[in-house]
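Open your viewer and get ready to click. We will go from one stop to the next, selecting residues as we go.

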Amino acid sequence: MERYDLVYRLYDEYDTKTLREYQEFVDIFPAVDSRVALEHWQGATEELEDRKDEIRSAFAAGETFAEVAARATRDQAFTALDLEAKYGRAVNVLVLDVDETLRSAGGTDNEIPRETLHLLTEFYDAGVPIVICTGQTLENVKGFAIQGLGSEIVHSGDLSIVYEAGTGVFTPGHGAETKQLLYEDLEESIRTVFDDVRSRVLPEAPEELRRGCHLQGNEFNVTMKPNYETGSADAREVIDEALVYLIDLLADAVGTTLDGDGSNGNGGAELDGETVVDWTRAFYAAQDPEIRAVLEGEGAYPDIDTNGVPERLAAVLERIDVAYYEADAAEIGSLELNKVVGVERALDVLGVDDPFALVMGDSKSDLRVMEWVADTDAGIAAAPEHASQDTLEHVLETDELVFDRGKSVDVLRTVYALNRLARLG
């Protein structure tokens, strides 16, 4: 309990709120060419150091407590203590989703806040690798990563990008392992299905859907995005329609592939197109209640027993993921290629042999990574308050690291304090 007593003393005896305000000002002060502004920044820096010196001289581990007080609130510091007591180790890698996690259309104007970016650089300076784990394309992620974190960090060899939800991994500075196209390891029949869907998805779409959607520029996954503001009623309507269309197109591509190799799973007879569509709709509706709700709402739900799905058809569908993100995207991907597979490959390239990760995310694809670290005692999980229900339930059942929309920095501050306190041994 001695460490808890010291933290009580730290927050009871010192004006830590003002200390944090000085620290935040010094950290994210904008680069301006103004003598007066620079003098103001220098004065704040000196005041910050004076206040830290008071704490440094009052505690045996003064540097640790000064840094904790300058970054973390009282509640965050005690949460850090609880995590250290529970796990007995520091976080040694960050695994971070981007959209609606680090940034939020509703909370941060879809920009990663400067205080979040700065704290990420603090982790990097402390030797903690960063894995950006997202469903976005590589080019999009590289762009904002370089803009936000700087080219030096992105190309340092200590940052990896798992993109398109695990279809590829990009880790600059690692020679032949820099870019790994994981989808190239899939069976040719599965790649053929994706190639078929991708080549037809927009040309064969109904005119209204073509006007309302665009195809995200993925290397492998097929993702339909709305031409309306994410989260709007128009976006929701068009993505619901796109989900039904994408499932039906997938059904046709899989049926064609099975007919072509003679393994249709229907007693040797050709698969009937309408029946395959119904089976495929029913299959994915049974997998995900959100998909079922959309199919029902669109009048496209087949009330049939999924036990009737031919075995060989089910065997293919079980390898292909259909994902629905309300008013945001409809997507197909490979269940053999997910964020867990990508993160494992990224950690291998980064040389993180015994990971204890902070996993932050909001969706079902992030949940898989959270469950993986929980099952292997390899980390902790955090999610925004608006995360998917299953993701939020997992986080609440583990360490309750739930943060407000656009405030991922709060969890990063907690983990910063955890890592500092863990050094005390």
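Start with S104. At 0% relative accessibility, S104 counts as buried; buried means under 20% relative accessible area, exposed over 50%, and partly exposed in between, with a 1.4 Å probe and protein chains only. This is a predicted model, where local features need pLDDT of at least 70, side-chain atom pairs count only at pLDDT 80 or more, and totals for chains, interfaces and linings use all residues. Residues are numbered from 1 along each chain as its sequence is written, and side-chain values use heavy atoms, with hydrogens and water left out.

Stay on S104. It sits in the loop between β1 (93-96) and α6 (114-125). Helices (H or I, at least four residues) and strands (E, at least two) are DSSP runs, numbered from the N terminus.

Which side chains make polar contacts with the side chain of S104? Select E100: the contact is 3.0 Å. Then select R405: here it is 3.4 Å. A polar contact is a pair of N or O atoms within 3.5 Å; within protein, one must be able to donate a hydrogen and the other to accept it, and residues adjacent in sequence count only if both atoms are side-chain atoms.

S104 and G406 are 302 residues apart in sequence, yet 5.4 Å apart in space, C-alpha to C-alpha.

Next, go to T414 in helix α18 (residues 408-422). T414 is buried, with a relative accessible area of 6%. A polar atom of its side chain lies 3.1 Å from the backbone oxygen of D410. Leaving aside neighbours within four places in sequence, T414 is in contact (heavy atoms within 4.5 Å) with Q76, T79, A80 and L83.

Time for rings. The whole structure holds 10 aromatic pairs. Rings of Phe, Tyr and Trp (its six-membered ring) pair if their centres lie within 6.5 Å; planes under 30 degrees apart count as stacked, over 60 as edge-to-face and the rest as tilted. Select Y87 and F356: the ring centres are 5.3 Å apart and the planes are at 55°, so the pair is tilted. Y87 is in helix α5 (residues 74-87), and F356 is in the loop between α15 (339-350) and β10 (357-360), 269 residues away. Y87 is partly exposed at 28%, while F356 is buried at 2%.

Last stop: R9. Its charged end sits over the ring of F59, 4.4 Å from the centre. A charge sits over a ring if NZ of Lys or CZ of Arg is within 6 Å of the ring centre and within 35 degrees of the ring normal.
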